[in-house]
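Please study the sequence and the model shown below before reading on.

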Amino acid sequence: MDLSANDYAFKDVSSDDDIRCIILAAEGVHFSAGPSLDEMRMMSKTDAVRWYRTGTTLCNLIENTRQPVICAIQGNCLSYGLAVALACDIRIAAENARLAFPDIRHIQLVPGWGATQRLVHMIGSQDAKYLLITGEFINADAALNKFSIVHDVVSNDRLYPEATRIADIICTADLEPLSQLKHAINSGVDVEFGTAIKIEEHSWISSWDVPNRTDIIQDAIHNLNAS
């Protein structure tokens, strides 16, 4: 399970100023059935730790990539696949999606790649404990309406078109304000409120400070008057 190629891919994407949004999707029936247990069975402890740390780095890259990342989830999204989905900014699920962290229940291993911490931040410790400890499979409706893990549920055939529609909306903004917005949110989560406000101020000033600021505001006025 070599994850290094994925690391390089996200580094390349993040450095491309022409890319304003990323859609993370999978081919086939399932988004991810989780890790290969046959491969895990053959890992030494050293190999396992290296694999864990590489996966954690990948999820951190996804979370901190300058561009917003939309995750399109279909079928099973399990274990480390769900850890990757949690690192994305927006999650859209098909009606046939099933989400779970069966790690403790099936292989007596703590879920990794930042999953435990991101899930707690996302849905609170009590619901996170329930899902992580029991390993219960939840369907798309529960992921949306009970646990708020995904932002929307669409029919299976509408999954990618809906992700593309959202991406088109995102891409109406330039990369600099998008990246500054992500930075303000991600950096402000775990710090004292006053510090978070300072982070927001820095991001606001950075997004204001563009050569065509006057033209941008004038275009906005024209569009509002025309609507």
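Predicted model: local features only at pLDDT ≥ 70, side-chain atom pairs only at ≥ 80, totals over all residues.

Residues are numbered from 1 along each chain as its sequence is written, and side-chain values use heavy atoms, with hydrogens and water left out.

The account begins with F10, which is placed in helix α1 (residues 4–14). Helices (H or I, at least four residues) and strands (E, at least two) are DSSP runs, numbered from the N terminus. F10 has a relative accessibility of 10% and therefore counts as buried. The classes are set as follows: buried means under 20% relative accessible area, exposed over 50%, and partly exposed in between, with a 1.4 Å probe and protein chains only. When residues up to four places away in sequence are not counted, F10 touches I22, L24, L58, L61, I62, T65 and V69; contact here means heavy atoms within 4.5 Å.

One of the residues touched by F10, I62, also takes part in the packing of two helices. Helix α3 (residues 45–64) and helix α4 (residues 79–87) pack at an angle of about 30°, and their axes are 8 Å apart. Axes are lines fitted to C-alpha atoms, for helices over the stretch in contact, and angles run from 0 to 180 degrees between N-to-C directions. The two helices, α3 and α4, are therefore roughly parallel to each other, given that angles under 35 degrees count as roughly parallel, over 145 as roughly antiparallel, 65 to 115 as roughly perpendicular and the rest as oblique. From α3, the residues W51, C59, I62 and E63 meet Y80, A83, V84 and A87 of α4.

Charged residues come next. Side chains of opposite charge can pair when their charged atoms come close. A search of the whole structure finds seven salt bridges, each being a side-chain nitrogen of Lys or Arg within 4 Å of a carboxyl oxygen of Asp or Glu. In one of them, the side chains of R66 and D17 meet at 2.8 Å, N to O. Because R66 lies in the loop between α3 and β2 (69–73) and D17 in the loop between α1 and β1 (22–24), the pair ties together parts that are 49 residues apart in sequence. R66 is partly exposed at 27% relative accessible area, whereas D17, at 53%, counts as exposed.

Another salt bridge joins the side chains of R50 and D47 (3.0 Å, N to O). Both R50 and D47 lie in helix α3, three residues apart, which is about one turn of the helix. In K198 and E201, the closest N and O atoms of the salt bridge are 3.9 Å apart, and both residues lie in helix α11, again three residues apart. K198 is exposed, with a relative accessible area of 56%, while E201 is partly exposed at 40%.

Helices α11 (193–208) and α12 (213–226) each supply at least two residues of the nonpolar patch. I221 is placed in helix α12 and is partly exposed, with a relative accessible area of 39%.
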